[in-house]
Amino acid sequence: MKSNNVINRCRAYLHQQGITGRRYDRLRQELTNLYGVTSQAVHASVDIHEARFVFLQTYITLGEILTLAPNAPASSHS
């Protein structure tokens with residue numbers, strides 16, 4: 001899948017969730033940066049420190065995006 005497709009899908013999701021302004025800009029930029037770093041890493045050697053940073057940054061960014069999703073309805077236990 002081309003990078004533009006991935007980034008565009010992420011942007012569309014952010015838009016659907018009503019994210020605008022600085023938060024949208026920050027998340028969009030973070031996704032673009034992470035995608036760029038991971039695409040480059042395929043062709044270059046990456047040291048353990050950078051790999052850890054990219055992993056943690058991806059975890060944090062995706063965690064924030066997942067908090068944008070509407071909460072699932074609470075299940076009732078009878």
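Start with the whole structure: a search across it turns up two salt bridges, a salt bridge being a side-chain nitrogen of Lys or Arg within 4 Å of a carboxyl oxygen of Asp or Glu. Keep in mind that this is a predicted model, where local features need pLDDT of at least 70, side-chain atom pairs count only at pLDDT 80 or more, and totals for chains, interfaces and linings use all residues. Residues are numbered from 1 along each chain as its sequence is written, and side-chain values use heavy atoms, leaving out hydrogens and water.

Now select Arg23 and Glu64. Their side chains meet in a salt bridge, 2.9 Å from N to O. Arg23 sits in helix α2 (residues 21-41) and Glu64 in helix α3, so this pair ties together parts 41 residues apart in sequence. Helices here are DSSP runs (H or I, at least four residues), numbered from the N terminus.

Is Glu64 buried or exposed? Glu64 is buried, at 17% relative accessible area, while Arg26 is partly exposed at 43%. Buried means under 20% relative accessible area, exposed over 50%, and partly exposed in between (1.4 Å probe, protein chains only).

Next, select residues 48-66, which is helix α3 with its 19 residues. Colour Val54, Gln57, Thr61, Glu64 and Ile65: these are the buried residues of α3. Then turn to the other side of α3, where Arg52, Phe55, Tyr59, Ile60 and Leu66 are exposed.

Key: Helix = DSSP H or I, 4+ residues; strand = E, 2+ residues; numbered from the N terminus. Expected span 1.5 Å × (residues − 1).
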